[in-house]
Amino acid sequence: MEICRLLLFFAAISSIFRLIHATSGDADPIYQACVGHCKETGCVGEKCFQHCNFSSGKNPIDGPWYLQEPLYQRWKQWDCLSDCRYHCMIAREEGRQKLGLQPSKYHRKWPFQRVYGIQEPVSVAFSVLNLAIQFHGWVSFFILVNYNLPFSPKKKPYYEYTGLWHIYAILSMNSWIWSAVSHSRDVELTEKLDYSSVVAFIGYSLLVAILRAFNVRDEASRVMIAAPIVAFVTTHILYLNFYQLDYGLNIKVCVAMTMLQFILWVVWAGFTRHPSRWKLWLVVSGGILSTLIKIYDFPPYMGYVDADALWHAMSIPLTYLWWSFVRDDSQFGTTTLTKKAQ
C-alpha cells in the first residue's frame with residue numbers, strides 16, 4: 001500500500017509540473033498570424049516552401065507538391081500547412097527564448113528541431129536501438145531453449161513459458177518499429193499505430209507477468225486469465241482508433257498496467273527467492289524511474305532530447321538486462337523440471 005501511495009504521489013507531482021510547463025503555443029496570436037501569412041504567401045521570413053507555390057487560381061504550380069519531390073522523400077508528407085506550422089513554431093520559440101520564456105507545446109507536441117525531415121531524430125535513433133536489443137534478446141533466448149537446453153520426452157522445451165516469450169518479443173519489436181515510424185513523421189495514422197502497438201504490448205506483458213507469477217501452466221486456466229485482459233486491451237485500442245485519440249487516458253491506462261506488472265514481478269521475486277531476482281529488481285526500479293520521467297514530460301533540450309527520448313534511452317540497458325533474466329529463468333525452470341523428471 002505504501003508503494004502505491006508513493007507512486008501516486010510522484011505521478012501527481014509530475015502531472016502538476018507537466019501542466020505548468022505545457023502551455024498551448026498554437027493558441028498564441030503571433031503564431032497563428034504567422035501560419036495564416038505563410039499559407040497565403042508560402043514564406044516564413046525569408047524562407048519559402050515549394051509546397052505553397054500557388055497560381056492566381058490557388059492551384060499548386062507544376063502539380064501537387066508530392067510530385068515535385070524525389071520518390072525517396074515522399075514518405076515525409078510535409079505539405080504547405082505542416083511546413084508553415086513547423087517554421088512558425090521555430091520562429092516563435094526563438095522569440096520566446098529571447099524573452100526568457102519557457103517552451104510551449106504546439107498542437108500537443110513540444111517544439112523539436114527536424115533533421116532531414118525527421119521530427120524527433122533522437123527518439124527515432126533510440127527506438128531503433130531498442131528494436132535491435134529486443135531482437136538480440138529474442139534470438140539469444142531462442143538459441144538457448146532450442147539448442148542449449150534439454151528437451152522433454154515429448155520433444156518440446158521443458159520451460160513451459162517459451163511460447164509466451166516468443167509472442168512477447170514479436171509484440172515488443174512491433175511496438176518499437178511503430179515508435180520509430182511515429183517519431184519520424186507524426187501524423188494521425190502513425191500516432192494511432194504507435195499507441196495501439198504499445199497498448200497491445202503492455203497488456204500482453206501484464207498477462208505474462210500474471211501467468212509467470214502465479215505459475216499458471218494449464219492451457220484452460222491461461223485462456224480464462226487472458227480473456228478479460230485481451231477484451232480490455234482490445235476495447236481500449238478500438239476506443240483510441242475509432243472514437244477519440246485521448247492521449248491523457250492512454251497514458252493513465254499504460255501506466256496503470258505497467259505499475260501492476262512491476263508490483264507482481266517484485267512480490268513474486270521476493271517470495272520465490274529466484275536466483276536472478278536482483279536483475280528483476282533492477283529492471284523494475286529502472287522501469288519505475290523511466291516511467292516517472294516520461295510522465296514528467298519536460299520540453300526538449302536544445303530541441304532534440306525530451307522526456308520521451310530519455311525514456312527510450314533508459315529502456316536500452318533495461319531491455320538487455322530483462323532478456324538476461326528471461327534466459328536465467330528458462331535455465332532455472334528447465335533445471336527444476338529435469339530434476340523432478342529423474
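Is Phe112 buried or exposed? Phe112 is buried, at a relative accessible area of 7%; buried here means under 20%, exposed over 50%, and partly exposed in between, with a 1.4 Å probe and protein chains only.

Before going on, a word on what we are looking at. This is a predicted model, in which local features need pLDDT of at least 70 and side-chain atom pairs count only at pLDDT 80 or more, while totals for chains, interfaces and linings use all residues. Residues are numbered from 1 along each chain as its sequence is written, and side-chain values use heavy atoms, with hydrogens and water left out.

Now the overall layout. The protein chain has 10 helices and two strands; these are DSSP runs, numbered from the N terminus, with helices being H or I of at least four residues and strands E of at least two. Read from the N terminus, the order is α-α-β-β-α-α-α-α-α-α-α-α. Of its 342 residues, 45% count as buried.

Back to Phe112, which sits in the loop between helix H3 (80-98) and helix H4 (121-148). Its C-alpha is 8.3 Å from that of Ile90, and the two are 22 residues apart in sequence. What does Phe112 touch, leaving aside its neighbours within four places in sequence? It is in contact with Tyr86, Met89, Ile90, Gln119, Glu120, Pro300, Gly303, Tyr304 and Asp306, where contact means heavy atoms within 4.5 Å.

Next, helix H6, residues 188-213. H6 has 26 residues and reaches 37 Å from first C-alpha to last, close to the 38 Å expected at 1.5 Å a residue; the expected span is 1.5 Å times one less than the number of residues. Of those 26 residues, 21 are buried, so H6 is mostly covered. After H6 comes Asn215, with a positive phi near 55°.

Last, a helix pair. The axes of H8 (residues 247-272) and H9 (residues 277-296) come within 10 Å and cross at roughly 160°. Axes are lines fitted to C-alpha atoms, for helices over the stretch in contact, and angles run from 0 to 180 degrees between N-to-C directions. The pair is therefore roughly antiparallel, a term for angles over 145 degrees. The residues making the contact include Phe262, Trp265 and Trp268 of H8, and Leu280, Trp281 and Ile288 of H9. By class, the contact has 13 nonpolar, four polar and two charged residues. Nonpolar covers Ala, Val, Leu, Ile, Met, Phe, Trp, Tyr, Cys and Pro; charged covers Asp, Glu, Lys and Arg; the others, Gly among them, are polar.

Key. Parallel < 35°, antiparallel > 145°, perpendicular 65-115°, else oblique.
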